[in-house]
Amino acid sequence: MSLPRTCIIGAGSSGIATAKVLHQRGLPFDCYEKSDRVGGNWVHHNKNGMSACYRGLYINTSKGRMAYSDFPMPADYPDFPHHSQIAAYFDRYVDHFGFRGSIRFETAVERAVRRADGRFDVTLSSGETKTYDALAVANGHHWDPRWPEPAFPGHFDGVQMHAHEYDEPDAWKGQNVLVLGMGNSAMDIAVEASYVAKKTFLASRRGAWIVPKHMFGRPLDTIITDARVPFRIRRRIGETLLAMTAGSPTNYGLPMPDHRFGSAHPTISGRILDRLAHGAIEYRPNIERLEGERVRFVDGRVEDVDVIVYCTGYKVTFPFFDPSFVSARDNDLPLFRRVFHPAYPNLFFVGLLQPLGAIMPLAEVQSAWIADYLLGEYALPSRSEMERDVAHEREAMFDRYVASPRHTMQVDFDDYLLHLDAERARGRRRARDLRAEGRFAAAR
C-alpha cells in the first residue's frame, strides 16, 4: 500500500517537529510556510507579520525543558536564552535532520476543504490546489490579537496598542505608560517600560501568582516535575516554595489572586517584583473608562496616560477553514488529547495546547503519535470513546482553572507526556487486535 501524504500548515516550532518526525519515518509530506524562514513566533520581525516576538524577549521555560528530545540546545546557552538564540536553534534543527527541502517557504495555505472521500483539497497562495490524505495544522495560537471585549467606554487621545505590536520601549521616554494584563508579556513590557517611561502603571482585572525563573539556584521548571506525584501534593509544595521565596503578592502592591496556585496559567518573571518593590511600576486595578488624556480605574483613581498596551491574549483562529467546518469559538476547540478531531480522524492539530512548560517537546511527541497512526501502528478509539475522553478532560480542566478564554486548552507538561505515552500503548494494542481480526487498514 502507498503511504498517506500529509500537508503540514506552518513551519514554526510545532510544524518543524511534525516535519522532522514524518521525514525520519518515511512518510511523504509537504510543509507550507508563509514566511521565508522557520521558527514562527520566535523570529523577530518575521516576514509573515505574525510573530509576537519583541527585541528584549527571553524564554520563560528553561532550555533543557524547551529543547527537542534528540537535539539539545548548545551547552553555552544560558538557562533562559534570548529569542535570537532560540530562532538559531530551530534553524540548526531543520538542517541537522535534513528536511529543509520539504518546506515550501513564502507559500501560505489559503484554503483547506475536506472532500467527500475524506481527503483534503489545499489551495495555496500561489494559486495551486493540491490534494492530501491528511492535514496537520500547526499555524500557532499567538498571532491573532484579542482586544478587550467589550471595549472600555469613553475615548482615548493617546496611543493604544496590543502587545503583538510591541517591539521596544525607546519611544516611550518621558511618557506615562499603562500596561493592562498579568501574563508573561505584560510583565516583560511593564519592566522594559519602567526603565524609560516617566511613569509605568500595571493594571488587571484580577490578581496572579508571579513565579520567579529560579528557585534555590535552579530553573523553576526543573523542580517538582514528577507526574507520578498527585497534583494536590505538587500544588501544596509549590505554594510553600513560593511563599518562602517571593512571599505574598500583596507585599508588592498587587492584589491577592482569587484562585489557588496552579488554577491559572503561571506568570513567570524574574524582574517584575523587583521593579514593583522599587516603585518603578505602580499597580492599578482594572480600567473603568477612558477619558481623553486620562484613564479612570475602578477604584476611582485617575491617571494621565500617554500609551496603553493591551496584553489581553490571542484568538485561536484557522483562516484557511470555513468556520462551519472547524472553528474555536472563545478559543475552545475540543480535541482528543489535544491532537485528533473526533469527527475527522485525518485532521491533526500540533501544538494547540497551553502547557505548564514548553510546547516544543509536546509537539514532538504529538508528531510521533500522528506518525504511528499514519503508518497503521496505532488505532484510534471509536468516536464515541474519544468524545467521552474529551468530555472528561474538559470537565477536569474547567473545574481546576479560572474560567476565561485563556484556559481552554491547558495541560500539565509531565502529566500530558505520561498520559499520551499510555494512550499510544493502548492504540498499538488496538491496532494489533484489529489486524488479528482482519479488520485493520492503514490510515489514508
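Mentor: Gladly! Let's begin with a definition for sorting residues: Ala, Val, Leu, Ile, Met, Phe, Trp, Tyr, Cys and Pro count as nonpolar, Asp, Glu, Lys and Arg as charged, and the others, Gly among them, as polar. Keep in mind that this is a predicted model.

Trainee: Which classes of residue make up the lining of the second largest pocket?

Mentor: First, the general idea: rolling a probe the size of a water molecule over the atoms shows where empty space is left. Here, the lining of the second largest pocket has 7 nonpolar, 3 polar and 6 charged residues. The space in this pocket is about 520 Å³. Of its 16 lining residues, Glu393, Ala396, Asp412, Asp415 and His419 lie nearest the centre.

Trainee: Which element gives the most to that lining?

Mentor: Helix H8 does, with 6 residues. Strand S26 (410-412) and helix H9 (413-436) each supply at least two residues as well.

Trainee: How many residues are in the largest nonpolar core?

Mentor: The largest one here has 91 residues, and Leu202 and Ile272 have the most contacts inside it. Helix H7 (residues 360-374) contributes most to this core, giving 8 residues. Both domain 1 (6-144 + 314-437) and domain 2 (147-310) provide at least three residues each. There is also a second, separate core of 24 residues, with Tyr32, Phe325, Leu335 and Met409 among them.

Trainee: What does Leu202 touch, beyond its neighbours within four places in sequence?

Mentor: Its contacts include Val179, Met187, Leu254, Ile272 and Tyr283.

Trainee: How many residues of domain 1 are in contact with domain 2?

Mentor: In domain 1, 35 residues are in contact with 30 residues of domain 2. The C-alpha centres of the two domains lie 29 Å apart.

Trainee: Why does His45 count as exposed?

Mentor: Exposed means over 50%, so His45, at 61% relative accessibility, counts as exposed. Glu106 has a relative accessible area of 48%, so Glu106 is partly exposed. His45 is in the loop between strand S2 (29-32) and helix H2 (63-66), while Glu106 is in the loop between strand S3 (103-104) and strand S4 (109-114).

Notes:
Residues are numbered from 1 along each chain as its sequence is written. This is a predicted model: local features need pLDDT of at least 70, side-chain atom pairs count only at pLDDT 80 or more; totals for chains, interfaces and linings use all residues. Side-chain values use heavy atoms; hydrogens and water are left out. On a 1 Å grid over the protein atoms alone, a cavity is a set of points where a 1.4 Å probe fits but cannot get out, and a pocket is an open set with protein on both sides within 12 Å along at least five of seven lines; lining residues have an atom within 4 Å of a point. Grid points are joined across faces, edges and corners, and a volume is the space filled by probe spheres set on the points. Helices (H or I, at least four residues) and strands (E, at least two) are DSSP runs, numbered from the N terminus. A nonpolar core is a set of buried Ala, Val, Leu, Ile, Met, Phe, Trp, Tyr and Cys residues joined through side-chain atoms within 4.5 Å. Buried means under 20% relative accessible area, exposed over 50%, partly exposed in between (1.4 Å probe, protein chains only). Domain bounds come from an automatic or database domain assignment. Contact means heavy atoms within 4.5 Å.
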